[in-house]
Every structure is written in C-alpha cells, then in structure tokens.
Amino acid sequence: MLIDLGWFSFDLFKVTYDGVVLAIGGTAVLAALGVVLCSSPIYSALYLIGHMICLALLFLMYGAEFIAAVQLIVYAGAVMILFLFIIALLGGKKESQSFDFHKFMAFSFIGTVLAELALSTRVGPTQPITGIFDEKMIANVGSAKAIGLELFSKHLIPFELASILLLVAGVGIICLAKFAYKPVRRRSN
Amino acid sequence: MGQEFILLVSATIFCIGAFGFMVRKNPLIMFMSVELMLNSVNFLLIGYSHILKSLDGQVFALMIMAVAAAEVVVGLAIILTIFRTRHDLNVDHLDSLKG
C-alpha cells in the first residue's frame with residue numbers, strides 16, 4: 001500500500017513490517033541480556049523462554065513457518081521444561097554478583113569481538129548464490145512440504161546422522177543416570 | 001529489514017551469550033548462554049535463507065536444533081551427576097584435576 005504525501009511517499013506495509021521486525025529483534029536482545037544478568041537461575045530460564053518466543057516470531061517474519069513451529073515446540077517447550085525441572089531439582093541459588101577484574105577482562109574482550117563483527121557487516125556487496133525458493137514459491141507449496149522435499153532429497157544423509165546422534169544421546173543419558181551413581185570408595189589397604 | 005539488521009542482531013546475541021558463558025559460575029546459566037549462542041546462529045541462517053531465497057539455511061537450522069537438543073540433554077545429565085556427588089553448583093570449585 002503506497003501512501004503519497006506529495007513531497008514524501010512511503011510503502012505503509014513495508015514500514016510496518018520493518019518496525020515490527022525491529023521491535024521483536026530489540027526485545028530478543030533485551031531478553032538475552034536478562035538471561036545473562038539475572039542472579040537467580042529461574043529468572044534466567046524465564047527470560048530465555050521469552051527470548052525463544054521472540055526468535056520464533058522473527059522466524060515467522062522471515063517466512064520460515066515450519067522452523068518457527070519447531071523452535072516453539074522443541075526449544076520453548078521441551079528444552080526449557082527440562083531446564084526448569086533441573087533447576088527445581090537442584091535448587092536455584094542466587095549467585096553473588098561483583099564486578100571484578102575477571103569480568104572486566106571478559107567484558108572488554110566481548111566488546112572488541114562485537115565491534116569487529118559490527119564492522120564486518122559493512123563489507124561491500126558480494127555476489128551470493130541465490131536459490132529458487134522465493135516467498136511465492138514457498139506459499140505455493142507450503143513451508144513444511146518445501147523443507148521436507150529439501151530435507152529428504154538433498155540432505156538425506158545429514159538427517160539420518162542426526163537421528164543416530166539423538167539415539168546416542170538418549171543411550172548416553174540413560175547410562176549417566178542409571179549406572180554412574182555410585183559413591184566413590186577408597187581402598188582401605 | 002536488510003542484511004545489516006540480521007548480522008547485527010545475531011552478532012549481539014552471540015556476544016551476549018559468550019559473555020555469559022565466560023562470566024557466570026552457575027553451570028545451568030552457562031548452558032543457557034550456550035543456547036543463546038546457538039540460537040543467534042539459527043537466526044542468522046534463517047535470515048539469510050530468506051534473503052538468498054534458498055531453503056538450505058532452514059534445513060541447517062533444523063540440524064542445529066537437533067544437535068542443541070542432544071547437547072542440552074547430555075550436559076544437564078552431567079551437571080546432575082556432578083551435583084549428586086558434590087552438592088555444589090559452582091564451576092570454580094571443580095578443580096580436582098588441578099596440579
């Protein structure tokens with residue numbers, strides 16, 4: 001929708017879209033700060049859930065509906081519930097926050113890395129390889145179907161390897177939880 | 001929003017996660033910081049898959065999610081096992097291997 005004010009014209013849809021994306025991105029960054037700066041693990045976990053939801057919304061804005069749904073189900077659902085259970089089991093103790101030399105070093109290091117990354121966004125235009133899946137095509141087929149076709153044709157071997165990885169992780173935690181709990185005994189002689 | 005926005009937001013979240021991993025002493029919050037870093041990479045992949053009109057980024061984000069789920073499960077089991085023998089949640093106190 002093009003709005004023309006004579007001396008100045010803008011596309012209302014595009015401006016609104018950009019504003020929404022900017023707001024959600026800012027919220028995601030603020031929630032990430034909350035995860036790192038909160039002293040109690042339970043508040044960190046809640047901020048992390050907010051961060052995951054913001055990222056899922058951003059994925060929706062970038063036209064990845066299937067990944068947004070997976071993000072909500074796997075991350076904001078399963079992984080965070082696991083975190084909350086572990087916090088409930090271990091007890092969320094507060095951590096005393098003090099500003100010491102170690103934190104100052106970490107802060108300056110991260111500041112340098114962030115500045116370098118911000119500079120690297122300014123590189124000139126490159127010639128990227130573009131694919132064929134624009135918004136119209138994905139809307140034609142459906143996001144999940146398009147990803148499924150891609151996943152089961154071009155990326156079949158990584159997909160199967162991921163399933164083996166998950167199986168190994170499952171067997172591993174059963175071993176950790178079932179057999180590893182033996183109090184260490186010192187030999188008496 | 002263009003390419004710079006995606007790169008900047010992703011770099012900021014990644015750096016916040018790295019900072020949290022270096023500074024915090026609670027292993028649970030360190031794991032959450034790792035999740036932040038993985039998520040920032042996911043966001044970068046999705047954004048570029050939108051810009052470049054290719055689905056490879058989304059497939060790769062799916063793989064990263066599978067790896068992250070496995071990593072979280074194993075990591076939390078290790079934290080739980082350590083806590084059961086030591087009753088202490090501070091990574092600075094785990095220095096038995098120090099000479």
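Two residues are in contact if their C-beta atoms, placed from the backbone, lie within 7 Å. In this predicted model, 43% of the contacts in chain B between residues at least 6 apart in sequence join residues at least 24 apart.

**Chain B**

Chain B contains three helices and zero strands, and its elements follow the order α-α-α from the N terminus. The radius of gyration of chain B is 17 Å, whereas the globule rule gives 13 Å for 99 residues; the value is well over that figure, so chain B is more spread out than a compact globule. Along the principal axes, the C-alpha atoms of chain B fill a box of roughly 50 × 25 × 20 Å. Of the 99 residues in chain B, 45% are buried; here a residue is buried if 20 or more other C-beta atoms lie within 10 Å of its own.

**The side of chain B that touches chain A**

Between the two chains, 57 residues of chain B are in contact with 62 residues of chain A.

Sorted by class, the side of chain B that touches chain A has 40 nonpolar, 12 polar and five charged residues.

**Chain A: domains**

The domain assignment divides chain A into domain 1, residues 1-92, and domain 2, residues 135-183. The C-alpha centres of domain 1 of chain A and domain 2 of chain A are 23 Å apart. Four residues from domain 1 of chain A and five residues from domain 2 of chain A take part in the contact. On the side of domain 1 of chain A that touches domain 2 of chain A, there are two nonpolar, one polar and one charged residues.

**Chain A: helix α2**

Helix α2 of chain A covers residues 41-61 and has 21 residues. From its first C-alpha to its last, α2(A) reaches 30 Å, close to the 30 Å expected at 1.5 Å a residue. Just after α2(A), the residue A:G63 takes a positive phi of about 80°.

Terms used: Residues are numbered from 1 along each chain as its sequence is written. Chains are lettered from A and ligands numbered from 1 in the order in which they are written. This is a predicted model: local features need pLDDT of at least 70, side-chain atom pairs count only at pLDDT 80 or more; totals for chains, interfaces and linings use all residues. Helices (H or I, at least four residues) and strands (E, at least two) are DSSP runs, numbered from the N terminus. The radius of gyration is taken over C-alpha atoms; the globule rule is 2.2 Å times the number of residues to the power 0.38. A residue is buried if 20 or more other C-beta atoms lie within 10 Å of its own, exposed if 12 or fewer, and partly exposed in between; C-beta atoms are placed from the backbone. The expected span of a helix is 1.5 Å times one less than its number of residues. Ala, Val, Leu, Ile, Met, Phe, Trp, Tyr, Cys and Pro count as nonpolar, Asp, Glu, Lys and Arg as charged, and the others, Gly among them, as polar. Domain bounds come from an automatic or database domain assignment.
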